[in-house]
Structures are given as structure tokens and as C-alpha cells.
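I opened the model to look up how its parts touch. My notes follow in the order I worked.

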Amino acid sequence: MTDRLEMRAMTKKYGDFTANDKVSFSLAAGEVHAIVGENGAGKTTLMRMLYGMEQPTSGEIVLNGKLVVFRGPEDAIRNGIGMVHQHFMLFGEFSVTENIVIGYEPKQAGFFKRNDANDKVRALSEQYRIPINPQAKVASCSIGEQQRVEILKVLYQGADIIVLDEPTAVLTPLEVRDLLQTIRNLAESGKSVILITHKLQEVMEVADRITVLRGGKVTGTVSRDETNADDLARLMVGRELQELSERIPLEPLPLLQVEKLTVRDKQTLLDQVSFTVHHGEIVGIAGVSGNGQSELLQAISGLRAAQEGTVRLGGKDVTNKSVAIIRDAGLAHIPEDRYLWGTAKLSSVEENALMGYQRKPAYNRRGVVLREKFRQVVKGWVEQFAIKTGSRQLQELAGNLSGGNLQKLIVARELGHETPFLIAAEPTRGVDIGAMEYIHQALIEKRNQGDGILLVSSELSEILALSDRILVMYKGRIAGELSRLEATEEKISVIMAGGSIHGSNQRAI
Amino acid sequence: MAAIKELSKSLVQPLLAVVIGLLTGALVIAAVGESILGTYQEMWKGAFGSFYFFTSTLARATPIMLIALGLSLAFRAGVFNLGAEGQMVLGAVSAALVAIYLPAPGMIKIVAGICTGMAVGGFWALLPGFMEARFRIPLLISTLLFNYIAVLFASYLVTEPFRDRSGSAALAQTVMLEKSAWLPKLFAGMSVHAGFLFAIVAALLLFWVLRFTPFGYEVKMLGQNSLFAQYGGINRTRVMLTGMFASGGLAGLAGTVEVMGAHYRFVDGALTVPGFAWTGLMAALLANSHPLGIIVTSILLAAFQTGAMGVERNTDVPLELASVIQAVLILFISAKFSYDWWKKRKAKGGETHGAL
């Protein structure tokens with residue numbers, strides 16, 4: 001294999017901050033080369049330089065043996081480099097074909113030749129085994145299909161090097177499997193793929209070589225056959241990963257009792273859901289997003305009315321009570337969408353931390369919030385969770401924090417309520433490995449203290465690592481329940497997709 | 001310290017808007033053919049040129065300030081109260097009637113009048129708030145339409161049942177308040193009255209409430225992200241209704257102090273014609289709903305109006321100069337609004353996930 005692309009000693013400085021420090025990287029024809037690293041390790045900066053969106057401070061890019069300088073993405077595209085961004089750049093009202101050929105439409109005398117375009121797209125789709133319906137409207141395509149449209153667009157533009165930026169973050173497990181297959185297909189037909197991710201299992205499955213970045217520097221370039229996920233994690237974090245604490249078995253006293261909970265909004269979103277969370281138990285809810293998990297959490301926490309059924313928390317009936325009453329009864333809540341529910345972006349870190357504490361007697365005197373006293377508490381959280389708040393510290397606007405740091409702030413705030421029951425929805429979405437470890441450890445400790453946790457996560461690995469019991473949701477119902485011992489990723493995936501696991505070898509699609 | 005910094009920061013943009021407003025005004029003056037500098041000198045003199053003019057400006061600023069403070073509380077909670085005019089007028093007419101017909105000594109009349117004016121203004125604002133909470137009738141529309149009901153009803157009261165038939169029959173107005181029920185003037189012979197002090201106290205009080213109390217915090221969070229507030233257990237309806245009541249109460253107080261400190265009777269149109277409510281709206285927007293900023297912006301807007309009167313007295317430039325400058329201010333404020341809105345949308349679309 002000859003090197004199709006070589007990036008030599010790439011350095012990028014923003015003022016005093018060095019985002020990339022002499023990063024070298026090479027890519028052979030037909031190779032899948034993964035770049036892994038925590039948030040802020042410099043993965044995206046490196047790719048932005050390759051794609052001409054940033055100019056390197058020093059270093060050079062050699063493409064097919066020739067030194068090249070890209071002034072912008074157009075240059076990169078012309079030289080056969082294509083990027084599939086994490087956020088798709090598609091026109092929902094246009095067809096798949098129109099989205100793929102946009103900018104490079106087959107034309108005759110100024111007229112768009114739609115049939116030619118459709119034929120070309122179909123041919124590409126067959127050549128690379130990327131199934132797609134050229135005439136479908138993009139808005140009606142699933143996320144996985146939209147991603148395939150993006151990949152085909154890049155191929156249509158003649159890319160030999162395809163950069164995929166966190167491609168699996170938005171996909172369901174089945175779509176992930178399809179995508180990884182597509183990546184292998186592309187490599188087999190001679191394309192080179194750069195895969196940016198922090199999910200190590202996927203890397204181990206699909207990559208030929210892996211480059212690990214930490215703090216803007218390369219900490220290792222290894223071939224897949226010589227490494228494993230643990231080694232990669234160590235290279236990423238720079239230390240040994242900690243084992244989670246032992247789970248202490250506790251007497252299972254019921255804490256949250258949900259019975260026949262039903263939520264309707266034109267159609268039934270939550271259908272007769274019943275389950276119990278006990279003291280000292282983490283109950284994980286798995287499922288493809290949109291199968292009723294959000295409605296379940298909102299109904300339990302008082303953000304949405306339930307039409308039928310009851311919710312009891314600590315023996316108290318809290319069905320359709322106000323959020324304030326339910327929180328007083330012992331609920332804390334890490335919300336699934338931190339920007340929509342969890343923060344006020346234009347307020348300071350401190351004010352975001354204050355939510356729910358503003359009327360607690362400990363922080364109130366004669367009708368005045370004791371901000372100074374509370375500030376000390378927030379400072380403790382910032383230290384404990386290593387939250388990077390930026391130059392204005394606690395007065396920094398929450399919207400200026402990175403997603404991971406904001407998530408840590410929310411987790412700290414909700415754990416700080418020290419309630420017997422916690423809803424943890426996507427508690428580690430977008431946070432790096434170090435923080436993820438910390439949050440997982442904190443959840444286990446809370447469990448060991450005898451508190452109950454309802455965990456919802458789209459990461460099966462997270463569900464499996466933390467849960468004592470796993471419920472799988474499908475179409476608004478609980479489609480299956482697995483104990484910690486019997487649960488495997490395979491079994492959960494099958495139920496998530498609407499299958500059943502009666503008889504251990506039976507597999508349904 | 002932080003408060004001062006925050007205040008000065010929130011004043012940069014409005015000052016810029018004012019400067020551009022004055023520049024546009026200069027174009028108008030030039031078009032009329034007058035000296036720009038001379039005209040603005042006259043304007044300055046008309047607003048601040050002597051102690052008399054200065055106190056007139058403060059008197060004019062009083063209702064503007066009170067209304068702006070009320071609106072700012074609503075805006076902070078993310079509630080759009082456009083009904084200040086009706087709340088002010090209804091508060092004023094009730095206060096006048098109580099102060100006239102309550103058989104009690106002057107001091108009691110004053111207190112009862114003020115309480116009635118605030119309560120009536122508050123309840124008049126509470127009603128659309130309740131309609132929103134119960135029936136989801138948009139506040140923006142209901143508060144606006146409630147103005148017509150209030151203003152016309154007050155007008156009816158003083159043209160029919162409570163009309164002063166003793167003096168000149170031409171004006172629709174109540175009889176005069178007894179002298180003992182008048183709010184004292186701050187300086188003999190000057191028009192500024194005790195209402196101005198009420199406004200300053202209200203501004204300080206509102207600043208304190210918003211900054212230091214749990215309620216102020218909840219108002220702010222509700223205004224910034226109502227879903228976050230809801231998620232955190234803040235009762236949106238309660239905060240909204242409290243905000244509407246306080247907002248209407250302050251507007252009612254604005255009308256009341258005009259009645260008890262300036263006109264000594266309720267005169268039909270005396271509160272609506274000068275456009276106090278709309279100037280108050282502008283003062284609140286210009287100050288970005290900051291209570292202390294509102295002290296500055298309402299005096300400033302009042303100064304444009306009293307200054308323009310001076311301009312009209314002494315030059316050929318018409319009174320409408322003030323309207324031109326104000327119109328430019330409105331343009332700039334609304335431009336800021338759409339800019340913020342656009343920025344917010346953009347921020348929502350371009351959330352950064354994953355790697356840096």
C-alpha cells in the first residue's frame with residue numbers, strides 16, 4: 001500500500017493555545033484510519049486543516065506525492081477529499097438525487113437533466129453497495145439514510161478520501177452496523193476513509209490503523225491487530241481506567257412505582273407501562289430513541305400529563321403533580337436534552353447551578369438568596385467534577401461552556417440535591433472518558449447509598465455497565481426485561497428492534 | 001461593582017441608538033433649514049436649561065418610568081404586556097374617584113387612592129394573564145385589546161356618571177380633588193411631585209427583587225428558558241400572574257400619581273394623548289429591562305419631549321422632531337430584537353457537539 005495522503009508535523013496555534021502540536025498522519029489507498037481522542041484533543045482541528053477550513057501554523061500536506069495547499073473546502077473537494085459532517089447539510093424538501101448532485105448537476109443547455117442525475121446516483125449506490133431511493137424526499141428519510149446521502153454526495157463529487165466526523169453518534173445500533181459495513185465496502189473498492197470518533201468498539205471493528213490524539217499531540221499510531229480497546233482508552237486518557245466500585249446488594253424496598261402509565265397525544269405514545277425502581281437499584285431503559293422513553297421520563301417528572309395510570313414516589317402518589325411537588329417528594333433529574341431542558345444558556349454558570357436551590361432554607365435568609373454561601377458550593381462542584389468554566393469562572397455564560405462541561409455542571413447540580421430518586425437521561429452524552437468514568441462512579445455510589453436511579457441511555461455499553469435491571473422499550477411499551485446477569489448487547493438489540501428472545505437462539509429482525 | 005459593570009454594559013447599545021437618533025434628527029433640522037447645533041442647544045435648554053425645565057422633564061419622566069418598570073418585570077419573565085395604557089388609565093380613574101368620594105381626611109384619601117390605583121391596574125393586567133393560563137389566549141393580543149376597553153370605559157365614566165358639570169362643560173373630566181388629597185410638589189412652583197420619588201424607590205426595589213430574591217431568580221430563568229424553569233420546578237403560571245399583577249400595578253400607580261400629583265382630577269385623554277405608555281415601553285426596551293437603566297432612559301426620553309417643546313417655542317423646527325428621533329430609536333431597538341432573535345436561532349442550529 002502506498003500512502004495516498006500524508007500530513008507532516010501539522011501545528012495549529014490559536015494565540016497561546018496549541019490545538020495541534022506537530023501532528024503527523026498518513027493514509028494509504030483502501031485504508032480505514034481512525035482518529036480517536038477525547039473532546040478537545042484536536043481531532044476536529046486536524047480535519048479542518050485537511051479540508052482547507054483552517055490554515056496550519058506550520059506543517060505540510062502531501063497528497064499523492066505532491067505538496068498541496070488548500071485555501072478552502074472547494075480546493076479540498078477538487079483534490080478528492082470529501083467530508084461528511086456530524087450535522088448533515090441537506091435540504092429536506094429536495095429529493096435524495098437533488099441533494100447528491102447539488103453544485104455539480106448534469107446539465108444540457110442550462111437545463112437540469114433529472115433522469116441522468118437519478119441514473120448516476122443509482123449507479124453509485126450499486127457500485128458501493130449503499131442502498132438508497134434516489135427519488136425519496138430527504139425529509140422523509142431516516143437519520144441513517146440521510147447519512148448515506150451525505151456519503152454518496154461526497155462520492156459523487158469524486159472523493160477518494162472520505163472523512164467521517166463522529167458518524168455513529170446519531171445512529172441506532174442497527175444503523176451503526178450498516179454504516180460500519182458501508183465503510184468496509186468503501187475501503188474494499190479502493191477508497192480511503194478517515195473515521196473520527198471516540199467509540200472504541202467501533203474503531204476496533206472497522207479500522208485498519210488508529211491514531212490517538214491527546215492534548216493536541218499524537219500519543220500513538222497503532223494497527224488494529226496490535227491493540228485493544230483498553231490500550232486505546234489508556235492512550236486517550238493518559239492513565240489507567242478505574243474499575244467501577246463494587247455493587248453492594250441491598251434490600252429491594254420499592255421507591256418508584258409506575259403502574260399502567262399511559263400518555264396519549266393524538267396517538268398513544270406510552271402504553272400501559274408498569275415497573276418499579278427499588279432503593280439501591282439502577283434500572284436501565286434501553287430502546288431506539290422515540291419509542292416512548294422521553295414521554296415516560298416527562299410523565300414521571302411532572303413535565304407532561306399522563307392520561308392513565310399512577311406514579312408513586314416514596315409511597316406518595318405523585319401522578320400528574322407539579323414538578324415542584326414531585327421534586328420535593330424526592331426526585332432529581334438529569335434531562336435528556338441539556339440545552340432544551342437543562343440550562344439557560346444566557347445565564348451564568350452560578351445561576352444555572354442555582355436552579356432548585358433558590359428557595360431552600362439553607363440558602364435563604366429573610367427572603368434573600370445567600371449567593372455567597374451558594375457560590376462556595378458551586379466552587380466545590382467545579383473542583384470535584386473538573387468543570388472547565390472559562391475565564392470568567394462562575395460568571396461565565398453557561399452557553400459558552402463546552403457540551404461536556406455543561407453536562408458535568410448539570411450532573412453535579414442534580415446529584416447535589418441528594419434525593420432518594422434520580423432520573424439520569426443520557427448522563428454522559430458528549431462528555432469525555434475521564435468525565436464519563438467520574439459520572440458513572442458517582443451514580444454507582446449513589447446506588448450503593450440506597451438511592452434508586454432510572455437510567456435512560458442510547459449507549460448500550462452504558463446501560464450494561466451500570467444497570468441492575470434492564471427494561472427495553474419498543475413502541476411505547478416495555479417489550480422486555482433482562483436481569484444484569486442475562487443481559488447482553490445482542491439480546492437488547494433484538495428487543496429494541498421489535499423482536500423477541502423467547503428461546504435463546506432465535507433471532508428476529 | 002459587578003452591578004455597575006453590568007449596568008454600564010447594558011447602556012452601551014442604547015447610547016449608540018441615541019447618538020444615531022440625534023444624527024438623523026440633524027438631517028431633519030438641516031432639511032428645515034435651521035442650524036443643527038443651534039436647534040440642539042435649544043433642545044438641551046428646553047429639557048435641562050433651567051431648574052424649572054429640568055424639574056418639568058423629571059415630572060414628565062415620572063409616569064414613563066413607572067410604566068417602564070412594570071413592563072420590564074413582565075419582559076424579564078418572558079411575558080409581553082402591551083396593556084400598560086389601559087392599566088394606567090383604569091388605575092387613574094379609580095384612584096381619582098376614590099380620592100374624591102371617600103369621606104376621609106386627606107392623608108387617608110392619598111393612601112386609599114394609591115392602593116386602589118395599583119390594585120385596579122394590577123387586576124386589569126391579571127385578567128389577560130388568567131386568560132392566557134386558562135385558555136391560552138395570547139397575552140400580546142389580549143393585553144393590547146384590553147387597552148380599548150379600559151380607555152373607553154374610563155372615558156364613559158367621566159362623560160356620563162362622574163362628569164364635572166360645575167365648570168366649563170367642554171371637557172370630560174371629574175371634579176377636582178380636595179387640596180388635602182394632592183400629592184405634594186417636591187419644590188414650590190415646580191411641576192415635579194412626590195410621584196417621582198415613588199418611581200425612584202420602585203426602581204431600586206425592583207432592582208433588589210430581581211437581583212437578590214428567589215422570585216427575581218425565577219423571573220429571570222422563566223424569561224430565558226421557560227422549559228428549564230419548568231423542569232426546575234418553577235411554577236410558570238404563578239410567576240407569570242405575579243409578574244402581570246406587579247406590572248399592571250406599577251402602570252396603575254403611574255396613572256394615579258399623574259392624577260394626584262399633576263392634574264388633581266381625571267381628565268379624559270390627559271394620559272393617553274402624551275403617549276406615556278408607549279414611551280414607557282420604549283424606555284424599558286432601550287434600557288434592556290434593567291431597572292436602574294430605566295431611570296436613565298425614561299428621563300432621556302422625557303427630555304427629548306420637553307426639549308422639543310423648547311425647540312418649537314424658539315425655532316422653526318416643529319415639535320415632531322422628537323417623534324423623528326424616537327422613531328429612529330424604535331427602529332434600532334427592534335433591529336436589536338431581530339438580531340438577538342436571529343442569533344438565538346443560529347446558536348440553536350449550530351450547537352457544537354463532540355470534538356473541538
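I began with the interface: 37 residues of chain A are in contact with 23 residues of chain B. I count a contact when two C-beta atoms, placed from the backbone, lie within 7 Å. Helix 1 (43-50), helix 10 (323-328), helix 11 (338-342) and strand 20 (368-369) of chain A each supply at least two residues of the side that touches chain B. Helix 11 of chain A gives the most, with 4 residues. By class I find 16 nonpolar, 17 polar and 4 charged residues on this side of chain A. Ala, Val, Leu, Ile, Met, Phe, Trp, Tyr, Cys and Pro count as nonpolar, Asp, Glu, Lys and Arg as charged, and the others, Gly among them, as polar.

A note on the source: this is a predicted model, where local features need pLDDT of at least 70, side-chain atom pairs count only at pLDDT 80 or more, and totals for chains, interfaces and linings use all residues. Residues are numbered from 1 along each chain as its sequence is written, while chains are lettered from A and ligands numbered from 1 in the order in which they are written.

Next I looked up the secondary structure. Chain A has 17 helices and 24 strands; these are DSSP runs numbered from the N terminus, helices being H or I of at least four residues and strands E of at least two.

Then the domains. Chain A is divided into domain 1 (3-237) and domain 2 (254-344 + 420-496), with bounds from an automatic or database domain assignment. Their centres, taken over C-alpha atoms, are 35 Å apart. I find 7 residues of domain 1 of chain A in contact with 7 residues of domain 2 of chain A. On the domain 1 side, helix 8 (residues 229-237) of chain A gives the most, with 3 residues. That side divides into 4 nonpolar, 2 polar and 1 charged.

Last, a helix pair. At what angle do helix 4 and helix 5 of chain A pack? Helix 4 (residues 114-127) and helix 5 (residues 143-156) of chain A pack at about 105°, with their axes 10 Å apart. Axes are lines fitted to C-alpha atoms over the stretch in contact, and angles run from 0 to 180 degrees between N-to-C directions. I therefore log helix 4 and helix 5 of chain A as roughly perpendicular, a label for 65 to 115 degrees. A:Val121, A:Leu124 and A:Ser125 of helix 4 meet A:Leu152, A:Leu155 and A:Tyr156 of helix 5.

Conventions: Parallel < 35°, antiparallel > 145°, perpendicular 65-115°, else oblique.
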